[in-house]
Amino acid sequence: MKYVVVTGGGMSGLGKGVTSSSVGVLLQACGLRVTCIKIDPYLNIDAGTMSPFEHGEVFVLQDGGEADLDLGNYERFLDVTLTSDNNITTGKINRTVMEKERRGAYLGKTVQVVPHVTDEIQDWIQRVAHAPVDGVIELGGTVGDIESCPFVEALAELSYRVGDFCLIHVSHVPVLSAVGEQKTKPTQHSVRTLRSLGLAPNILACRSNSPLEGYAREKLARSCHVSSGSVLSLHDVGKNVWRVPILLRDQKAHEAVLRVLNLDVKEPDLKEWTARAELFDALVEPVRIALVGKYMGLTRINKDAYFSVEKALLHASVALRKKLAVDWVPAEDLEDGTAQELKGADGILVPGGFGDRGVEGKILAAKHARENRIPYLGICLGMQVAVIEFARSVLLDMQDANSTEFDAETKNPCVVFMPEGSRTHVGGTMRLGSRRTYFHHNDHHDVGCMAARLYGNVSYVDERHRHRYEVNPEMVARFEEAGLWFSGRDESGERMEIVELGEHPFYVGVQFHPEFKSRPGKPSPVFTGKTQILIN
């Protein structure tokens, strides 16, 4: 068993997730099996109750685990399927330790951070990493933060316990405009802090705007006690993050890692990965998608709240040789009824969300797409608002149609709370994880199932879910008679999963989140089909 640990120092947002994923890609390309573990030092059990404004999207895993968006990076880069155990939080560790204490597992001893918490962290890491040969572990936050101290101590102990342990430390190398040179002091101080906590880096990954200068590399090697070949330049690669594994390969990062781990394997084969990165850079002909979201502040667009959606659009557009341009449209801006922000879009995408803020704008976006025959994809809430809009605009006796999430007293509840859901607890109580959707024959109109065609005319598909409201099954027959067809349903036939508008070029809503299973080179059929129709 071999371990690669990625830590960060100085500040957050340095790109530890992309670094971890890229190192994993490089090791995979050398013929090794790789898994990833993300350590989040927060006290939450998982990311499920966190605000997208503060924390970005909640990535849903196959088993229903709600995790940090970095787990999505791991799955996309490495094309692996992870579980909730691949995300360790302080909340999970503390809960496990307390459950053991209540059972008397510690034989009357005083339960302490060292050794009980740190042992639990090490045991968790080794258990999750046991199946694959190699593991990449990312410690979230910043070294020196009080929240991460137990994990740093556990990793220090783990380095002695397992032996084959490589630590990559990511740090910032800024350039002061007044002097115009790269400054190494932040990294030196960060490494000093790391050493004081019992960990010594084997490799430095230096984040900077431009390639690391020779003098900076030599200074860091000398002051941080690593070889110059183990000081890597992780300079900006623009919007093309697929260049990062290539950047690491060109600096022989794999040799530095494998030398520490005492491994002798083949040179990395990144032909397919390189071809995709070069294709991305060569794309010229644009496809413009209006993404109508609610997690967008007044002063900035919080793209992290829709991270996987944007990546899924990118995967589809690259596969179809189009240069993606996303128009980020705050849903609240559409509530004046003008829809000017949607003009010129080749397609409209309304993603998921919770709460009533901005919902009328999302409904307006669905209406604009339906009436103007613009390709529309609604995901989760985006499907629900399409149903609400259809009821209000087409079914003349339902102008007040709504979801009970937004109006508990509505006389025409098109979307209702799922009966098995909890109204008192919000963490982990939604319909989560992989669920099966069966494609359904249209009894009212002689049209084919577009969704089934997108997925290759299979009889069912497994996709990941995250919702607590659903289309009201009592109204389905009325909708279908009017032309809104529910082409995908769960195994019972009572829960609506996919909706289509047969007379429209492309008007599809899905209750699940197809973006979570999209991969570079393996784009989600829903996203690819959408873009394919735009091209044709």
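## Cysteines and disulfides

The structure contains 0 disulfides, a disulfide being a pair of cysteine sulfur atoms within 2.5 Å. The model is a predicted one, in which local features need pLDDT of at least 70 and side-chain atom pairs count only at pLDDT 80 or more, while totals for chains, interfaces and linings use all residues. Residues are numbered from 1 along each chain as its sequence is written, and side-chain values use heavy atoms, with hydrogens and water left out.

For Cys 206, the closest cysteine sulfur belongs to Cys 224 at 7.9 Å, which is too far for a bond. Cys 449 is likewise in no disulfide, the sulfur of Cys 380 being the nearest cysteine sulfur at 20 Å. Cys 206 is buried at 1% relative accessibility, and Cys 449 is buried with a relative accessible area of 14%. Here buried means under 20% relative accessible area, exposed over 50%, and partly exposed in between (1.4 Å probe, protein chains only).

## Open mixed sheet

An open sheet of 9 strands runs in the order β11-β10-β12-β13-β21-β20-β19-β16-β17, with mixed pairing. Its edges are β11 (323-330) and β17 (460-467); each has a single partner strand, so one side of each lacks a neighbour in the sheet. From one strand to the next, the twist averages 25° (axes are lines fitted to C-alpha atoms, and angles run from 0 to 180 degrees between N-to-C directions). Strands are DSSP runs of E with at least two residues, helices are runs of H or I with at least four, and both are numbered from the N terminus.

Strands β16 (residues 431-439) and β19 (residues 484-489) run antiparallel and are joined by 2 bridges; two strands pair if DSSP finds at least two bridges between them. Phe 439 has Gly 488 of β19 as its bridge partner.

## Second largest pocket

The second largest pocket holds about 440 Å³ of space. On a 1 Å grid over the protein atoms alone, a pocket is an open set of points where a 1.4 Å probe fits, with protein on both sides within 12 Å along at least five of seven lines; lining residues have an atom within 4 Å of a point. Of its 31 lining residues, Pro 52, Val 58, Tyr 295, Phe 354 and Arg 466 are the closest to the centre. Helices α2 (52-55) and α12 (307-319) each supply at least two residues of this lining.

## Asp 123

Asp 123 lies in helix α5 (residues 113-128) and is partly exposed at 36% relative accessibility. Asp 123 and Arg 259 are separated by 136 residues in sequence and by 26 Å in space, C-alpha to C-alpha.

Definitions and conventions: Grid points are joined across faces, edges and corners, and a volume is the space filled by probe spheres set on the points.
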